[in-house]
Amino acid sequence: MQTDKGPATKATGKCMCGAIAFEFMADTHNVTACHCGQCRNWSGHFWASLNAPFDSLKIKKGEDQLGWFKSSDYARRGFCKTCGSALFWHAEKLDDYKHRIGVAAGAVDPDAALKLAEHIFVADKGDYYEIADGLPQKDTY
Ligand SMILES: [Zn+2]
Ligand SMILES: [Zn+2]
C-alpha cells in the first residue's frame, strides 16, 4: 500500500460517461498498480490508483450517481452507477487507512501528469501477462 510521501497536488477526474466529476489532492508521482484478484476482477486487468487524503476528495458533480460496493469486510469500492467506471477504493473499516482513499489513475484528467511508481500484490497477478517496466514489485503491499 502506498505511503503518504511526496508533494500533494490538486488533480481532477471523472468517470467514463461524465456523470461523476471529482477533485482531490495526491502525490501524482506515486501511482500504484494492484494485481490482487479483487482489483483484477473489478477492473478487468490490474487496477492503478493513487492515494488521496479522504478529506481532500470532493465530488463536484454526480454524488447521487456514485455507488459503493462492499468488496471485503473492511473496504468498499466506488463506481459510477451509469457507466460502471471503477473509481475509488476505500478501506473504511481500517483505522490506519480510512483517512485516505485510492483514486483510479485511469479516471484522472491527463494534465495531472501521473507516474506509475510500483506494483503491489504481484504474487496474485494474472498468468497472461508479464510486468517488465523495471519498477519495484511487491508480493503484497
Ligand atoms: Zn459514469
Ligand atoms: Zn488490489
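Predicted model: local features only at pLDDT ≥ 70, side-chain atom pairs only at ≥ 80, totals over all residues.
Residues are numbered from 1 along each chain as its sequence is written, chains are lettered from A and ligands numbered from 1 in the order in which they are written, and side-chain values use heavy atoms, with hydrogens and water left out.

The overall fold comes first. The chain contains one helix and ten strands; helices (H or I, at least four residues) and strands (E, at least two) are DSSP runs, numbered from the N terminus. Read from the N terminus, the order of the elements is β-β-β-α-β-β-β-β-β-β-β. The chain has a radius of gyration of 14 Å, close to the 14 Å that the globule rule gives for 141 residues, so it is as compact as a globular protein of that length. Here the radius is taken over C-alpha atoms, and the globule rule is 2.2 Å times the number of residues to the power 0.38. Along the principal axes, the C-alpha atoms fill a box of roughly 35 × 30 × 30 Å.

Of the 141 residues, 47% count as buried, where buried means under 20% relative accessible area, exposed over 50%, and partly exposed in between (1.4 Å probe, protein chains only). The accessible surface of the chain is about 7,500 Å², and carbon and sulfur atoms account for 53% of it; the areas come from the Shrake-Rupley method with a 1.4 Å probe, and for residues only the protein chains shown count as cover. A contact means heavy atoms within 4.5 Å. Among contacts between residues at least 6 apart in sequence, 55% join residues at least 24 apart.

The zinc sites follow. The zinc ion (ligand 1) is coordinated by the SG atoms of Cys15, Cys17, Cys80 and Cys83, at 2.3 to 2.4 Å. Donors are N, O and S atoms within 2.8 Å of the metal (3.2 Å for Na, K and Ca); water is not among the atoms, so sites may look incomplete. The four donor atoms around this ion subtend angles of 106 to 113 degrees, which makes the arrangement tetrahedral, a label that requires all angles between four donors to lie between 85 and 135 degrees. The spacing of the donor residues of ligand 1 in sequence is C-x1-C-x62-C-x2-C. Cys15 lies in the loop between strand S1 (9–14) and strand S2 (21–26) and Cys83 in the loop between strand S7 (76–80) and strand S8 (86–90), so the pair ties together parts that are 68 residues apart in sequence. Cys15 is buried, with a relative accessible area of 4%, whereas Cys83 is partly exposed, with 27%.

The zinc ion (ligand 2) is coordinated by Cys34 (SG), Cys36 (SG) and Cys39 (SG), at 2.1 to 2.3 Å. Its donor residues are spaced C-x1-C-x2-C in sequence. Both Cys34 and Cys39 are buried.

Several other residues show local detail. Ala26 lies in strand S2 and is buried, with a relative accessibility of 1%. Its C-alpha atom is separated by 4.4 Å from that of Ala8, 18 residues away along the chain. Residues up to four places away in sequence aside, Ala26 touches Pro7, Ala8, Thr9, Leu50, Asn51 and Ala52.

Ser56 is placed in the loop between strand S4 (47–53) and strand S5 (58–61) and is buried, at 13% relative accessible area. A polar atom of the Ser56 side chain lies 2.8 Å from the backbone oxygen of Pro53. Beyond residues up to four places away in sequence, Ser56 touches Glu23, Phe24 and Met25.

Tyr74 is in the loop between strand S6 (66–70) and S7 and is partly exposed, with a relative accessible area of 35%. Neighbours within four places in sequence aside, Tyr74 is in contact with Trp89, His90, Ala91, Glu92, Lys93 and Leu94.

The backbone supplies a last point. Most residues other than glycine have a negative phi. Ala113, however, has a positive phi near 50 degrees; Ala113 is in the loop between strand S9 (100–104) and strand S10 (116–120) and counts as partly exposed, at 47% relative accessibility. Phe121, in the segment after S10, also has a positive phi near 50 degrees.

Methods: Polar contact = N/O pair within 3.5 Å; in protein donor to acceptor, adjacent residues only side chain to side chain. Tetrahedral: all angles 85-135°; square planar, octahedral: opposite > 155°, others 65-115°.
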